[in-house]
Amino acid sequence: MPNGLLSSAARRVKAAAGWIIFRTGLYRRMRRDEAVIVLFHRVNDALPNDPLTYTTNKFEQFVRFFGRYFEVVPLSVLLRRLETGAELAACLAITFDDGYRGNATIAAPILERHGQAACFFVTTQYVGTDYVPWWDAQKKIQTRWMTWDQARTLRAAGHDIGSHTETHPDLGVIPPDEARREIGGGSTRLDAELGEHSGLFAYPFGGRKNMSAANQVVVGELGLRCCLSAYGGTVRTGDDPLRLKRTTISDWYLSPYQFGFELMTGRLKPE
Ligand SMILES: [Zn+2]
């Protein structure tokens, strides 16, 4: 059998196993001390072949799955539980990176219909512009970023807004003073636009190689409450808020139950 078919058949089997694991309540019984932070980028039906983009239909399947089997909480609530040592059992926070306009116009209305709140991390100098970053230029995607008014409306509706640097550099390669300017500048601008201190921060790209120990120190010195990665894994009591593991929901998952299977069997371990 060709590799692609084999992989697709294996994923269908995993999705079926995931269905059993969640429908029988096994997940909740087995994973009492663990929280999950998931990462999306775009929700949009106009870009069906872009791996950063989920269709509205598939996104809503995940939202239903989260609502059914997890306690979906804003990231700020999950952080408070972590800071106070409260129980994390089956708690899940939804996050979005970069600040695409469709997060406000398409994803947020779906979340709100299901009574869920997310955290939106915005690249502050892109907000309100049509700037096309290199990863979209390669695919000839005309990018649209949310406006500050949309960010404020999301906040007023109960979502969290976090910073994601000023211009989305790879923090693993730029000099320390530039990294400090990018992280600090993004956080200061966000606070000024929203009129409150968010303190929520996610690394651009978010792989291990995109963050350095020096930058993690900078983030703490700048008064940020958390740093989110994107290399997989779950959150447990006692974890350092400045090194939080987060899992990307990619198009590799045929269904939320396959995601659930990988979660249950520990395959979402850090890469
Ligand atoms: Zn990003």
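This dialogue reads several features of a predicted model in turn.

Trainee: Are Asp 98 and His 168 buried or exposed?

Mentor: Asp 98 is buried, and His 168 is buried as well.

Trainee: Which way do the residues of S7 point?

Mentor: The general idea is that, in a regular strand, side chains alternate between the two faces of the sheet. In this model, Asp 160 and Gly 162 point one way from S7, while Ile 161 and Ser 163 point the other way, and all of them are buried.

Trainee: How many bridges join S6 to S7, and which residue in S7 is the bridge partner of Phe 121?

Mentor: Strand S6 (residues 118-122) is joined to S7 by four bridges, and the two strands run parallel. Within S7, Gly 162 is the bridge partner of Phe 121.

Trainee: Why does Asp 97 count as buried, and why does Arg 246?

Mentor: The cut-off for a buried residue is under 20% relative accessible area. Asp 97 counts as buried because its relative accessibility is 3%, and Arg 246 counts as buried because its value is 0%.

Trainee: Where do Glu 221 and Arg 180 lie, and how far apart are their closest N and O atoms?

Mentor: Glu 221 and Arg 180 form a salt bridge in which the closest N and O atoms are 2.5 Å apart. This pair also links distant parts of the chain, with Glu 221 in helix H9 (residues 213-221) and Arg 180 in helix H8, 41 residues apart. Glu 221 is exposed, with a relative accessible area of 51%, whereas Arg 180 is partly exposed, with 37%.

Trainee: How many residues apart in helix H8 are Arg 189 and Glu 193?

Mentor: An α-helix has 3.6 residues a turn, so residues three or four places apart point the same way. Arg 189 and Glu 193 are four residues apart in helix H8, about one turn of the helix, and they form a salt bridge whose closest N and O atoms are 3.0 Å apart. Arg 189 is partly exposed, with a relative accessible area of 36%, and Glu 193 counts as partly exposed at 22%. Elsewhere, salt bridges that share partners join Arg 42, Asp 50, Asp 136 and Lys 139 into one network.

Trainee: What lines the second largest pocket, and how many residues does H5 give?

Mentor: Rolling a probe the size of a water molecule over the atoms shows where empty space is left. The second largest pocket holds about 160 Å³ of space. It is lined by 14 residues, of which Arg 42, Asn 44, Leu 47, Gln 142 and Arg 144 are the closest to its centre. Strand S2 (42-43) and helix H5 (101-113) each supply at least two residues of this lining, and H5 gives the most, with four. By class, the lining has six nonpolar, five polar and three charged residues.

Trainee: What volume has the largest cavity, and which residues line it?

Mentor: The largest cavity has a volume of about 30 Å³, and the residues that line it include Tyr 203, Met 211, Cys 227 and Arg 243. Its lining has seven nonpolar, two polar and one charged residues.

Note on methods
Residues are numbered from 1 along each chain as its sequence is written. This is a predicted model: local features need pLDDT of at least 70, side-chain atom pairs count only at pLDDT 80 or more; totals for chains, interfaces and linings use all residues. Side-chain values use heavy atoms; hydrogens and water are left out. Buried means under 20% relative accessible area, exposed over 50%, partly exposed in between (1.4 Å probe, protein chains only). On a 1 Å grid over the protein atoms alone, a cavity is a set of points where a 1.4 Å probe fits but cannot get out, and a pocket is an open set with protein on both sides within 12 Å along at least five of seven lines; lining residues have an atom within 4 Å of a point. Grid points are joined across faces, edges and corners, and a volume is the space filled by probe spheres set on the points. Ala, Val, Leu, Ile, Met, Phe, Trp, Tyr, Cys and Pro count as nonpolar, Asp, Glu, Lys and Arg as charged, and the others, Gly among them, as polar. Two strands pair if DSSP finds at least two bridges between them. A salt bridge is a side-chain nitrogen of Lys or Arg within 4 Å of a carboxyl oxygen of Asp or Glu.
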